[in-house]
Amino acid sequence: MRKTRILVVDDEHLIRWSLEQNLKKQGYEVFTAGNGEDALRLVREEQPELVLLDIQLPGIGGLEVLEKVKEFDDEIVVIMLTAHGGLETAVNTMRMGAYDYINKPFNLDELSIVIKKALETSDLRREVVQLRSEHKKLGPPKIIGTSKHMKNVLDMMGKVAKSEASTVLIQGESGTGKELVAKWIHYQSSRAEKPFVAINCAAVPATLLESELFGHEKGAFTDAKTAKKGLFELADGGTVFLDEIGDMEMGMQAKLLRFLEDRTFRRIGGAKVISVDVRIISATNKELLKAIEEKSFRNDLYYRLQVIPIFLPALRERRDDIIQLANFFMESFGREFNKSVKSISSMAEKMLLDYSWPGNIRELKNVIERAIILGTEDTLLIENLPLEIIAKSSASTVPVSTFKLPPEGVDIEEVEKELIRQSLEITDWNQSKAAKKLNLGIDAFRYRMKKFGFLK
């Protein structure tokens, strides 16, 4: 794997040498230049990810080098270094595209933190550009479902996407696809070219959530080595998805409510009021009205969030969509794992339809993925399904209930042999079709054919 490349540009040999040694110890590949001409040549030849650039250089000055570097490749991160200069110089370099501005003499540890932060920001920016490009090609995520329940949900989603509604609340059990709905609304709206940023409120400690959402200034708390933009600021013009909003701590709920009033906030430790334009889509699997009664969720925040409410039905309430979803996942995982699974056996379909799906669509997706990975046939069979689905499905008892054991009993081997014979006869001895009639894999069926003398 290629090391991150850093170009150090300074006319003082000692500074170039000390930076080179320090950065190499951190695992970077380092190049150095003592003047602007050499710096521009190395930028073209080596294409570094980051440039540490002194403003005062012999020949071509640092500001002109900065301008030409940005013309060559705007993605290159440039951090300016200078022993002379005030606020005006710093502002000018930032306007010209510099990431940051460091005064000499500098602390190597602090410079190291700034470099790491700059590279992380650069990587994140590239990822965002790539994701936006991919989403633009693919369009909004596909929502599967033609049941009455889903038609109502899709109709509501379409209206929300076209509107300027600033707050949306999606409610539904875990695994019903709340984040997918939020993404669909975003990418079908006029905000599609702007960021979609998601955060799970239950996964982030209460002490960190405020910083994640609102950001912080340098020195705001012990570990705040540099200033950081929060998600609301990063998503300006786009959408912020607050998953598991019902788990947000009460103090943070009050701060969120204040933000929702006029979409303004201050970073932690900051005095400047920042204004943003973001759509807030919240989601929860909790009964928020019950949480309000239990004093764990604010009544005023609830009514502020649910300007537009969307209720996602559980999978057991939209059984007409189960096989359609299963086929969609089967095709998707078939491509991913290079498997050709073309259909679901009738008995497997009955079991999928009969099961209660407590984990909803997420559980169905996992079941189909497992079946595709472990299956060897071009049909998804009962034996590919987890035992809990077979055990809890009444479909698994249907064939057995139609059979009555005679008082004198039967030879189970003879019954099995007869079933093999009949399945072969009614399929004109097509082994693959005969195996499907008994919901057996072809290997298991051929084993029984050999066992009973139907195959030599």
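Buried means under 20% relative accessible area, exposed means over 50%, and partly exposed is in between (1.4 Å probe, protein chains only). The model is predicted: local features need pLDDT of at least 70, side-chain atom pairs count only at pLDDT 80 or more, and totals for chains, interfaces and linings use all residues. Residues are numbered from 1 along each chain as its sequence is written, and side-chain values use heavy atoms, leaving out hydrogens and water.

View 1. L119 sits in helix α5, residues 108-138 (helices are DSSP runs of H or I, at least four residues, numbered from the N terminus). With 12% relative accessibility, L119 counts as buried. Leaving aside residues up to four places away in sequence, L119 touches T4, Y28, E49 and L50 (contact means heavy atoms within 4.5 Å). T4 is 115 residues from L119 in sequence, yet their C-alpha atoms are 9.0 Å apart.

**View 2. An edge-to-face pair, F259 and F265.** There are 12 aromatic pairs in the structure; rings of Phe, Tyr and Trp (its six-membered ring) pair if their centres lie within 6.5 Å, and planes under 30 degrees apart count as stacked, over 60 as edge-to-face and the rest as tilted. F259 and F265 make an edge-to-face pair, 6.0 Å centre to centre with 65 degrees between the planes.

**View 3. A stacked pair, F333 and F337.** Here the F333 and F337 rings are stacked, 6.0 Å centre to centre and 15 degrees between the planes. F333 is buried at 6% relative accessible area, while F337 is partly exposed at 28%.

Conventions. Helix = DSSP H or I, 4+ residues; strand = E, 2+ residues; numbered from the N terminus.
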